[in-house]
Amino acid sequence: MKGNNMKSRHGSAIITAIGMGTVMLFIIVAIYTFSSYRTQTIIQESRRVKALAIAEAGLELALAELTKNSAFATHKLTKDFTWLATENREHMMQDLSGHGLKINAATSGTYSGKIGDGTFRVRVGVIPYADDPETTTIDESHSYVRIESLGRYDTAIRRVDAVINRRYPAREFLMYDGKVLSMVYGLPGLTNTNVFSTGHLYGHEGIEIGRIMLSAHNPTSLGTTQELNDMNAIISGAGGIFIYSPIKAQFRARRGLPAKTATIPTNTVFPTGGTFSSPEARKSGEMPAEIASTTPALPDELKPWIKDRNEKMSMPLSDPPFAKYKSDAKAGGLFFGASDSSNKSIKYHMPTGWTEDGSTKLNAVFLDFGSNLRQGNVSLPNNFNGVVYSEKHIVVKGNPPKDIHIVSDGNVFMAGDFNQAGNATASFADYYGMAQDYKPGENAMTAMDYADHIKERFIEDAEPGATFRHHVAATVVAQERIVYDYRSPVDCFENEIYPFMKYKLASAMGSEANAKDNCLDRNRNGTINFKSGSTEFEEAIDQFFTDYPIEGTDAANSTPTEDTLKQKLKDLHTDGNLNFDDFDNVCREVWKGYADNYEIAASGERGAPSTFAQSGSYGVYKLLSGLRDKMGVPGNGNAQNFNPNVIDDDPDDFLYYPELTTNAMFISCGERDTIFYAGPDVVKYYNKIGCVNNNVGRRHSETNHFVHRVFGSEINLRTHDVHRIDASYYIPPTRRKIYDPSLPHMGLTGNKYELTAHIVISWKDTAASEEEYNGF
Amino acid sequence: MRRGVTVVELMIGLIIMSILFTALFQAFSTSRRTATEIIANHSINDDLDRTLLRITDDIRESNVIVPGYPATIERMEVSTLSTSKENKLKFEKYLYDYTKDPTSLAAGEVNYTKNEITYYLEPEDDQDPDSTWTLQRSMLPYNNKKQPENSLATVFTIMRGIRECVFYRLNDANTSGGGNVYIRLKLTRTDAEDESKKYSNEITISVKERGANPE
């Protein structure tokens, strides 16, 4: 028993100790397990967050690559999102060792690298969605990109799978402005209408549209108004849309949305006594504080087409790839350095107040690609890669023969018709340039665009295998400004004045009826009949040059050029009548006489009219006026009493309304830095030169009497500081800014220079396994 | 010599053991209660995290926050916000089908559908002004003709017992679409007996939708 008691007593203590120990152990284990679980959960969550951040960074890097090189892709892709073969690629982003970013070198396939302690792998591919024929301004087959990015941190792997809507603003938007898009063009006291047709309008910080009502923020007589036609959407990224007067607008149908014709009602009364941060700011385009940050109301019925900042359609753009442009121009294009001394380099005369240092000339390269009526001065190299780059300013006109990017570190001056060639071989109507025909009963001032059969020629240009292209895929890029230069009627209206000059000369040398039949009407098989008497013939020729002098105002003191031309024409009498081609050859020599005598004769200088061309007696001005008279333009030379409905513009003749035509994607980077009163104000100096009496030109036309037709797009990024211009007065033309429906397609495939904006339209974050990462 | 224990000794031993076991039990019980409290409080934090993470993920996958849901307010108004049935977060998620040929789309059809998602709050007791709230998530699908499929609409309860939940956007002239969505969520323990000792946690987050309107 004793032994048992002792055992029992010893056993109780041990059991008690074990029991207590067990309880303590249980508590300790429970607490440890709990805290350990919490710790592990937090650690794992932390890893997942980091892995997700790295995957997101991979996505953003891929977007940055796409921004710098729009042709960037790592893999082909099926419609159901299966990755296929790798694609060759060239990445543009650089390592940032200070920030722990390293991108692995590779020329094809998965894009990968390291960020801090994590790694990423990214695939990028264009979704082979078919182009939707109903969306004129977008090629859907290039518009959707899948980016799948895997981020890894320690053991955690996250996947971000996104679809990007790639927008090509220069191809899709009729007009884009990195600040406030101002669509207030024209003069007071006029009833003409500027038309903006097709595509999107975008102002990153707002849009203002309205009729001219103010002058330097003081009330003035009502003037030119604006009209919108066939628009896709009007978008303000981070600002309001200010409508100062009722605006007629027509919006195109989209899938699930019918077309809409409406008048956008006034939603903003511009405060004439508004508050500005400074008097200088007031003159520089600042919106008054009273309305600057407001978001004016828009009709609900128009909201599918008009989207202010509440709709979150922000599309800020980066600069064009200037460095890439420059290196490619040196490698297989045309490059003009700052010290270039080739025969393309010129001194370009500028209006007072235009240059930064006060000088009267700018260093530029002069590029004339030629036209149906003249030879150009540009020869493109064999295997031309499509890039022309100048560290100087560029002055350009004519019809480029191939797809082209014209890029300048400074300004690009559009100094004549650009990129609209006529197919003279296939169509007699295109003999002097592409026929600028309107529908019967319409004319350049009443119609928004050319007749349908003319417009179709531009669309056919984008079709594969097109044997002749009336216009090519042209992109004009300026680090500073794109400047429309109206100073020279010889350059701006060549294809309009030349047929009229030919008609007037044929009238003088023969009869008006014969001249009309064989020069104005489209008849190539007729004969230009001369006056029978040689004296009468010669006097008529003298009279022609008296009426339309090339040099000097006195025919008796005719200059050698005129004498030479006169004698050449007089000599024709002995050979008898001329057929169309022979007469045309002679006329081209005469026209060359006019053109050569328009500018001063100084070698290497352009842009300054000769002494005679600065007077109103110069024959080209008279021919221009005569052309308008012939077309019945009311108030020729007088802006008032203008009725566009009485203009006689027969679609079957060579009489064309004076029109500067510039067709391209125009991309400028310069800030707006000139006199520019916000609101429905006439005092707005856009980047224009000419058509006023000064050292670089004459006032050859009134607003009602010439048209500037931009067929393409206009992108003003406002990203670069530029010097201020304070004296840039010009006579504004009547505007036709028209979208080019070939933009979504022509020259896009494989184009690495495209200006793109990327909008994430679907985004998903999921987990991924080690095997998936390793095999990616 | 007899070496057994006396009754007194046994009693003393039992008393000591009782005191020890009582102390041990008290310690254990206190620890257990404390652990329970900690777990419950952590549960509040977890619920907060989980709910906010869910809404965050939802918003980040969305394309468009519907204007006015939530309303855009000035910064000084934030402190005045309170939970209400009218304060809603509404956004749209678009689902694209790239396998379709656009030329095969019938009139009025588009290559996407969308889900309209709404987060809203309902009081758990309409009669009680201090009632806690329930957070609901409704989803209304739209077909590829942009028409709502009301019969397919669903409502799912995200969380009950919410002390405060408000959605808002801040008026910022320099952001597009009103910038981020802010969510302020407050949870309070409802099982504690002592009102003053109720554990409570409040978190405010902001998040921006990643996508955009397809048009």
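Biologist: Where in chain A is A:G679 found?

Modeller: Helices (H or I, at least four residues) and strands (E, at least two) are DSSP runs, numbered from the N terminus. A:G679 sits in the loop of chain A between β32 (665–670) and β33 (688–689). This is a predicted model, in which local features need pLDDT of at least 70, side-chain atom pairs count only at pLDDT 80 or more, and totals for chains, interfaces and linings use all residues. Residues are numbered from 1 along each chain as its sequence is written, chains are lettered from A and ligands numbered from 1 in the order in which they are written, and side-chain values use heavy atoms, with hydrogens and water left out.

Biologist: Is A:G679 buried or exposed?

Modeller: Buried means under 20% relative accessible area, exposed over 50% and partly exposed in between (1.4 Å probe, protein chains only). A:G679 has a relative accessible area of 0%, so it is buried.

Biologist: Which residues does A:G679 touch?

Modeller: Contact means heavy atoms within 4.5 Å. Not counting residues up to four places away in sequence, A:G679 touches A:V184, A:E208, A:Y244, A:F270 and A:K684.

Biologist: Where does A:H720 lie, and what is A:H720 in contact with?

Modeller: A:H720 belongs to strand β35 (residues 713–720) of chain A. With a relative accessible area of 18%, A:H720 is buried. Neighbours within four places in sequence aside, A:H720 is in contact with A:D319, A:Q479, A:C669, A:G670 and A:E671. A polar contact is a pair of N or O atoms within 3.5 Å; within protein, one must be able to donate a hydrogen and the other to accept it, and residues adjacent in sequence count only if both atoms are side-chain atoms. The side chains of A:H720 and A:Q479 make such a contact at 3.4 Å.

Biologist: How many helices and strands are there in chain A?

Modeller: Chain A has 14 helices and 37 strands. The C-alpha trace of chain A spans about 165 × 60 × 50 Å along its principal axes. Of the 776 residues in chain A, 57% are buried. Among contacts in chain A between residues at least 6 apart in sequence, 72% join residues at least 24 apart.

Biologist: What pattern does chain B follow along the sequence?

Modeller: Chain B reads α-β-β-β-β-β-β-β-β, that is, one helix and eight strands. Of the 215 residues in chain B, 43% are buried.

Biologist: How many residues does the contact take from chain B and from chain A?

Modeller: The contact takes 39 residues from chain B and 43 residues from chain A. Buried area is the accessible area (1.4 Å probe) that two parts lose on being put together, summed over both. Here the two chains bury about 3700 Å² between them, and carbon and sulfur atoms give 58% of that.

Biologist: How many salt bridges are there between chain B and chain A?

Modeller: A salt bridge is a side-chain nitrogen of Lys or Arg within 4 Å of a carboxyl oxygen of Asp or Glu. There are two between chain B and chain A. One of them joins B:R60 to A:E56, with the closest N and O atoms 3.1 Å apart. Helix α1 (residues 7–60) of chain B supplies nine residues, the largest share of the side of chain B that touches chain A.
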